[in-house]
Structures are given as structure tokens and as C-alpha cells.
Amino acid sequence: MNITEKILAKAAGEKAVSPGEIVDAQVDIVMIHDLTGPLTVDAFRRIGVDHVWDSQKIVMVLDHQVPPESVKAAELHKTMRRFAREQRVRIYDIGRGGICHQVLPEKGHVLPGTVIVGADSHTCTYGAFGAFATGIGSTEAAAVMATGRIWLKVPETIRITINGRFKEYATPKDLILSVIGRLGVDGAIYKAIEFTGDAVRHMSVAGRMTLCNMTVEMGAKNGIIEPDETTWQFLKGRTEGAQPVTDLKSDIDACYEKTIEFNINSLEPQVACPPSVDNVKPVSELGHVPVDQVFIGSCTNGRMEDLQLAARILKGRKVNESVRAIVIPASQEVYLQALQEGLIKVFTEAGAIVCGSTCGPCLGGHIGLLAADEICVSTSNRNFIGRMGSPKAKVYLASPATAAASAVTGYITDPGRLRSVNK
Amino acid sequence: MKVYGKAVKYGDNVDTDVILPGKYLVLTDPNELAQHAMEGLDSEFTERARNGVIVVAGKNFGCGSSREQAPIALKYAGTRCIIAESFARIFFRNAINIGLPVIECSGISAAVSTGETLEVSLADGEVRNLTKNQVYHGTKLPPFIMKIMEDGGLIENLRRKLKGERV
């Protein structure tokens with residue numbers, strides 16, 4: 001079996017499972033946030049049970065509409081807090097957490113080999129730690145809260161083997177965009193994607209999270225990476241008493257629907273052009289695209305490594321006067337570290353606005369929305385019509401390096417070519 | 001279970017952001033959500049759906065966000081069933097869980113045009129085009145999923161199960 005199959009077999013209490021089989025799996029963690037959670041709370045109350053199945057295994061995060069910009073949003077938050085208190089469930093409130101997919105691993109809720117479901121499509125991010133993690137809806141989250149179980153179809157697995165080394169300014173974001181460009185937005189529908197290869201083994205936790213985060217953009221059920229020393233280095237001190245799982249590896253004779261190989265030695269910075277995440281091109285082939293807004297943040301690219309990269313480019317330079325740049329650290333922990341390392345100063349001096357941890361502009365909910373005909377370069381994960389505001393706005397997805405370089409020049413720019421722009 | 005209605009057809013990769021833009025996710029009343037159904041794609045949808053429609057679509061319908069408000073908006077706007085070449089998995093589960101019938105049916109996109117009258121038999125996955133007098137065969141859903149739909153959604157299904165367990 002491969003790792004996805006092994007985790008599902010264990011969760012279902014079976015010796016072995018195979019693709020296509022429907023299993024009844026025990027869930028280890030269920031997560032809800034402020035935009036999906038209130039529906040969950042409502043659904044939970046209709047089930048007719050008084051208590052959640054295990055209050056230690058439910059995590060609530062306020063991250064999408066924070067701080068609340070409207071009375072409606074404030075009411076949703078109130079619903080969440082009240083439920084958390086009543087059921088003695090952990091809630092990461094405003095100022096204590098950040099974006100759910102950053103907060104859960106940081107706070108030790110994600111462990112290799114576990115089954116995690118969350119009422120958010122980017123729940124697949126936790127596959128970076130060797131967990132089986134997938135998005136569900138609000139109603140289903142309520143059912144899991146009541147029973148601790150969920151039916152899952154064992155997916156076919158696509159193995160993506162990545163070898164080589166990144167060139168300067170090529171990043172895991174450029175890699176996953178290039179993968180999505182090749183497979184297409186429905187290229188992995190209902191399937192698992194397992195990332196292997198030298199480049200993945202050498203990749204940081206942040207990079208692995210970016211890869212797994214965007215597997216849902218190809219329709220995948222989950223993205224997953226075998227846990228290793230890098231995984232445990234991150235988790236150490238975050239998870240209480242968790243012992244390293246050393247045997248979570250795909251068998252040598254594990255079955256895959258197919259294996260696709262990528263070599264990143266010559267990978268250039270990529271962008272996903274509107275209005276589809278698989279409309280991917282190298283920045284160098286894009287032509288002149290003027291930019292109105294740059295957004296650096298989100299569960300895809302709001303981590304320290306991303307901010308460090310953006311700051312390296314913005315240090316001593318200015319955001320172009322035709323651009324507004326918004327930088328949002330993915331969590332309070334990231335924010336604090338960015339502050340201590342002087343990155344917040346770099347962004348502020350460059351003329352970017354730094355906001356508190358939130359999903360923010362990514363989903364066009366409450367801050368950083370776009371007007372008609374405006375163009376945004378965003379490090380987030382979706383460029384659908386209307387995603388970040390006006391249906392007439394355009395969103396180009398890119399790495400933090402490309403986003404920062406574009407903020408400086410005012411048009412979409414390959415960060416490698418910025419050297420010629422004087423500081 | 002049979003449903004009946006006029007088809008309204010869309011293309012491939014209809015995402016949940018066009019089905020229900022993010023700015024409406026603070027709304028909690030299903031009827032209010034319904035007023036914005038398909039707002040990013042078809043400004044006439046709510047008018048067309050008022051008397052009941054069957055949405056027909058291409059590949060990967062409902063891709064993107066896990067927002068259950070998307071199928072809720074479609075259901076309360078008047079969608080009786082969605083037939084697509086394929087669905088994004090979270091949307092598929094969400095629709096079933098709120099009692100909105102969904103069927104995968106290969107070739108449906110080319111076979112059906114907007115305005116044609118369809119009759120769908122959920123139990124056997126059969127789609128009848130009454131306008132063209134044709135029959136298409138969709139994927140049959142497993143019995144336990146059919147039971148969730150028959151119960152009107154996952155919560156009612158679970159409520160009944162838990163009640164039964166106690167007896």
C-alpha cells in the first residue's frame with residue numbers, strides 16, 4: 001500500500017484497503033473556521049446530541065473575516081465562541097492564532113499518520129506532515145463532531161516525483177503552478193497526490209505545505225508527503241509527547257495510478273493567469289502586464305520563508321507608486337518572528353501595508369478587494385472570476401518573489417531580472 | 001425518487017466562487033443566499049430557476065472552495081438536481097449532505113441544451129430527455145448515499161440513525 005492507503009486502512013480498522021473501496025474511518029482532528037463553522041454549529045444542534053464526540057479533537061479558528069468588518073461577521077464569531085465555551089472545544093480567537101492551516105500545525109494538532117478533516121478546501125495542506133487531510137463541508141463537519149467518523153472512498157494515487165534543485169528565485173510555488181499547468185484543474189479529481197523525489201526531501205516544511213495546499217486546485221482529495229527528519233524537526237516541542245512515526249512509508253510495491261516526473265533544475269518563475277489556476281505560463285513569456293495590487297500572504301504563501309524572500313527583494317527598494325502592496329503573515333507566530341527579524345520594518349519602509357493574520361484578500365471577503373479592471377498579483381491559490389472582488393478584476397497567481405518584484409516595477413516581473421533595477 | 005424540470009446548461013469547471021461569491025458568506029438565511037446563486041456567471045439564473053430547474057454542466061462542477069453555501073444557494077434558488085460530467089468532490093458531498101440530488105453522467109453536456117425538459121430517476125441514475133426523447137445513463141449512487149438523499153440530507157439521516165441505535 002502507499003501512505004494514503006495505509007493511513008485510511010488504519011483509521012478504518014482494516015488490514016488493507018484498495019482504491020475505490022468505501023471505508024468508515026475514525027477521524028483524529030476536525031477543524032472549522034468562521035465562515036464554515038456557524039453552519040456546522042447550526043447543523044450540529046439539529047442532530048440531537050448534547051455533546052461533541054471528543055472535545056480534544058475539535059479545533060476552531062477565526063481567520064477568514066477577522067477582525068470582523070460587519071455586525072454580521074461579528075455575530076458569526078459570537079456563535080463560534082459560544083459553541084466553543086459550551087462544548088469545551090479549543091478556539092483560536094483573533095490575535096491568538098492566524099490562518100487555520102498555519103495554526104493547526106504550529107499548535108501541534110497535526111501529526112503524521114492521522115486523519116484530519118476540515119471545513120475548508122485547503123485542509124489538504126496538512127499532507128505536508130504525512131497526515132491524510134481533506135476538505136469537507138459544514139454539515140459533514142457537524143456529523144464528524146457528533147460521531148468521530150466519516151465515510152471516505154479510498155482514492156487512486158498519482159505519484160509526482162520531483163528531482164533537481166531550484167534556481168535562485170524559483171520556489172515551491174512556481175513548481176506547484178507548473179504541476180497544475182501540466183495536469184489541469186481537473187487532473188487529479190477524487191485522487192490522492194503523493195510527492196516524492198530528492199527535491200521534496202530537501203524541501204522545507206513551508207515549501208511542502210505550499211505543494212500540498214494547492215493539490216485541491218487539481219481536484220485532488222489529498223496531497224501527501226512521507227514524514228521525515230524535517231517533519232519531526234518542525235513538530236518537536238509543538239506536539240505533546242508525540243513519538244516519531246518511523247514506519248510511515250509507501251511500500252516498494254505500492255500501486256499508483258500513474259507516476260509523473262518533474263525536474264526543477266531549469267524551472268523559471270511561473271504565473272497562473274486569470275481566470276483559471278491551470279492557465280500557467282513562465283513570467284518571461286507574459287509580456288507587459290501592469291499591476292494595481294500585490295498581495296503577499298494566505299495559507300499558500302504567508303509563512304516566514306515567503307516573507308523573508310519578499311523582504312530580500314523589497315529591502316532598500318520602494319513599492320511602485322502605481323501599486324498598493326498588502327503583506328499578511330499567516331499567523332501570530334509568523335508575525336512575531338517577522339517583527340523580530342525586522343521584516344515588518346522592511347515592508348513598511350518600502351511602502352507596503354502589513355495587516356494582522358487573516359485570509360484577507362485571498363477570498364475577497366473583507367479587505368483588499370479589487371475594483372473593476374484592476375489587476376492583482378497574488379501569492380494565494382485561486383484566480384477565479386470575482387474571487388478577490390469585482391468580477392471584472394484579474395488575478396495572477398505567483399510566488400512571493402515574483403509578487404515582490406512586481407510590486408517594485410509596477411508590472412509582472414521575473415524576480416531574477418530585478419537586479420538591473422537600481423535600489 | 002424522481003425529479004423533473006427544464007435544463008439550464010453551463011460549461012466545465014464552474015467554481016464555487018462564481019456559484020456564490022465570497023462576499024456573501026456572512027449571510028446565513030438560505031433564501032438570501034439563493035438571491036446570489038450563480039451571480040458570477042449568469043445574472044439571469046435566479047429568474048430562470050424560480051420555477052425549478054435541472055442544472056446541467058461539464059467537467060469538475062463546483063471546484064474550489066468547500067463553502068456549503070454554494071449548493072445551498074443553488075438549492076434554494078430552485079435547483080432540483082445537478083447533472084454533470086464530473087463534480088469536484090467536496091461540492092458533490094456537500095450537495096448530497098444538504099439533500100440536493102447530484103448525478104454524474106458522461107456525455108450529458110453534449111446531449112442536452114438549455115430549455116429542454118429532463119426527468120431524472122435518482123435510484124438508477126437514468127436521465128430522460130423528454131424534449132428529444134432520449135435516455136442517458138448516469139452513475140448509480142451506492143445505497144447508503146441514496147438513503148442520505150431520501151432522508152433529505154445527512155443531518156436527518158444521522159438523527160434517524162442515532163435514534164434507531166438508542167431504541
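# Reading a two-chain model

Tutor: Let's start in a loop: P275(A) sits between strand 12 (270-272) and strand 13 (280-282) of chain A. Bear in mind that this is a predicted model.

Student: Okay, what kind of peptide bond joins P274(A) and P275(A)?

Tutor: A cis one, with omega about 0°. There's another cis bond to look at, running from V66(A) to P67(A), where omega is near -20°. P67(A) is in a loop as well, between strand 3 (58-61) and helix 3 (71-87) of chain A.

Student: Let me zoom out. How many helices and strands does chain A have?

Tutor: Chain A comes to 14 helices and 18 strands. Its radius of gyration is 21 Å, close to the 22 Å that the globule rule gives for 423 residues, so chain A is as compact as a globular protein of that length. If you want dimensions, the C-alpha trace spans about 60 × 55 × 40 Å along its principal axes.

Student: What share of the residues in chain A is buried?

Tutor: Buried residues are 60% of the 423. Also, of the contacts in chain A with a separation of 6 or more, 76% are between residues 24 or more positions apart.

Student: Now helix packing. What describes two packed helices?

Tutor: You give the angle between their axes and the distance between the axes. Take helix 2 (residues 37-47) and helix 5 (residues 138-147) of chain A: the angle is about 50° and the axes are 8 Å apart. Helix 2 and helix 5 of chain A are therefore oblique to each other, and the crossing is right-handed.

Student: Which residues of helix 2 of chain A meet helix 5 of chain A?

Tutor: From helix 2 of chain A you have L39(A), T40(A), A43(A), F44(A) and I47(A); their partners in helix 5 of chain A include A142(A) and M145(A). By class, that contact has eight nonpolar, three polar and no charged residues.

Student: How are helix 11 and helix 14 of chain A oriented to each other, roughly parallel or oblique?

Tutor: Helix 11 (residues 304-314) and helix 14 (residues 400-409) of chain A pack at about 30°, with axes 8 Å apart. Helix 11 and helix 14 of chain A are therefore roughly parallel. Among the residues in the contact are L309(A) and I313(A) from helix 11 of chain A, and A404(A) and V408(A) from helix 14 of chain A. The class count here is ten nonpolar, no polar and one charged.

Student: On to single residues. Where does Y169(A) lie, and what is its phi?

Tutor: Y169(A) is in the loop between strand 8 (157-163) and helix 6 (172-183) of chain A. Its phi is positive, about 75°, although Y169(A) isn't a glycine. With 21 C-beta neighbours inside 10 Å, Y169(A) counts as buried. Over in chain B, N13(B) has a positive phi of about 50° and isn't a glycine either. N13(B) is in the loop between strand 1 (2-9) and helix 1 of chain B, and is buried, with 24 other C-beta atoms within 10 Å.

Student: While we're in chain B, which helix holds A73(B)?

Tutor: Helix 4 (residues 69-77) of chain B. A73(B) is buried, with 28 other C-beta atoms within 10 Å. Beyond its sequence neighbours, A73(B) touches residues including I19(B), L33(B) and H36(B).

Student: Last one: how many residues of chain B are in contact with chain A?

Tutor: 34 residues of chain B contact 43 residues of chain A. Helix 1 (16-19), helix 5 (89-97) and helix 8 (154-166) of chain B each give two or more residues to that side of chain B. By class, the side of chain B that touches chain A has 13 nonpolar, twelve polar and nine charged residues.

Methods. Residues are numbered from 1 along each chain as its sequence is written. Chains are lettered from A and ligands numbered from 1 in the order in which they are written. This is a predicted model: local features need pLDDT of at least 70, side-chain atom pairs count only at pLDDT 80 or more; totals for chains, interfaces and linings use all residues. Axes are lines fitted to C-alpha atoms, for helices over the stretch in contact, and angles run from 0 to 180 degrees between N-to-C directions. Helices (H or I, at least four residues) and strands (E, at least two) are DSSP runs, numbered from the N terminus. Angles under 35 degrees count as roughly parallel, over 145 as roughly antiparallel, 65 to 115 as roughly perpendicular and the rest as oblique. Two residues are in contact if their C-beta atoms, placed from the backbone, lie within 7 Å. Ala, Val, Leu, Ile, Met, Phe, Trp, Tyr, Cys and Pro count as nonpolar, Asp, Glu, Lys and Arg as charged, and the others, Gly among them, as polar. A crossing is left-handed if the near helix is turned anticlockwise from the far one by less than a right angle, and right-handed if clockwise. The radius of gyration is taken over C-alpha atoms; the globule rule is 2.2 Å times the number of residues to the power 0.38. A residue is buried if 20 or more other C-beta atoms lie within 10 Å of its own, exposed if 12 or fewer, and partly exposed in between; C-beta atoms are placed from the backbone. Lists of a residue's contacts leave out its neighbours within four places in sequence.
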